[in-house]
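My notes follow, in the order I took them.

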Amino acid sequence: MPKVTEEYITKKKRLIVDTAYELCIEKTVSTVTMQDIINRTGLSQGGVYRFYHDIDEIFSDMLIEMRKRVDVKDRVDVIFAQVDELSVTEITTNIFDMLANFMEEELMGILKIDFEMSVLAMNAPHRVEKILGGAKGIGHMEYLMLRTGEIFKKKMENERLQARVGEVELLTYISSAYTGIQMNCIVNRCYQSGAMAQFYQPRVLLQTMAKTVNYLLGIE
């Protein structure tokens, strides 16, 4: 019997994970099954179960690959590397332009899957705990919030801004508003096709949010 190499194992697991990602784009995460994976890959049942015991193990590896694909942390670091040369308004504009670019690129990909994972978390928290088990470290949006809090605090102190809300309230607002924009854009783009869908444009909504954040920071 020929020896199974690490390269062979990696190739097969990548095929399975990439197939899961494709199916999660086409369907909802909660409806993707092991049989879907078997049918799409053309592998035998044993050929899939040899590497993964269930769909959640596949989703766990898929999530790790998704985090590798996006470069939000790198984009954030590029913006904040220039923090001393930029005004608060310029920083805010750059942050929300970056988020708009990311949302436009990944709205029907990574962000759709993340949204559906959130729904799954509400309906089956035990499954999400297992899925997230392999994804170590701080997520991209968590990283953005932490760095944004640091920079805004520094800028408010150095430039003596009279913010209209406290740091915690500001970051909570940014996180909640961004999540709301993302959710509404996904819902209206993916699951609905009514007349209101045309109004849910990520860049327009995030530009409005940037203006609101500047106001809350005390910038007229």
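I began with R160: at 70% relative accessibility, R160 counts as exposed (buried means under 20% relative accessible area, exposed over 50%, partly exposed in between, with a 1.4 Å probe and protein chains only). R160 lies in the loop between α9 (140-158) and α10 (167-191); helices here are DSSP runs of H or I, at least four residues, numbered from the N terminus. I also noted that R160, although not a glycine, has a positive phi of about 55°. Most residues other than glycine have a negative phi.

A note on the source: this is a predicted model, where local features need pLDDT of at least 70 and side-chain atom pairs count only at pLDDT 80 or more, while totals for chains, interfaces and linings use all residues. Residues are numbered from 1 along each chain as its sequence is written, and side-chain values use heavy atoms, with hydrogens and water left out.

Next I checked α2 (residues 34-41), where M34, D36, I37, I38 and T41 are buried. What do the buried residues of α2 pack against? I found α1 (6-26), α3 (45-49) and α4 (55-69), with contact meaning heavy atoms within 4.5 Å.

The contact is made by I55, D56, E57, F59, S60 and L63 of α4 with R127, K130, I131 and L132 of α8.

Definitions and conventions:
Helices (H or I, at least four residues) and strands (E, at least two) are DSSP runs, numbered from the N terminus.
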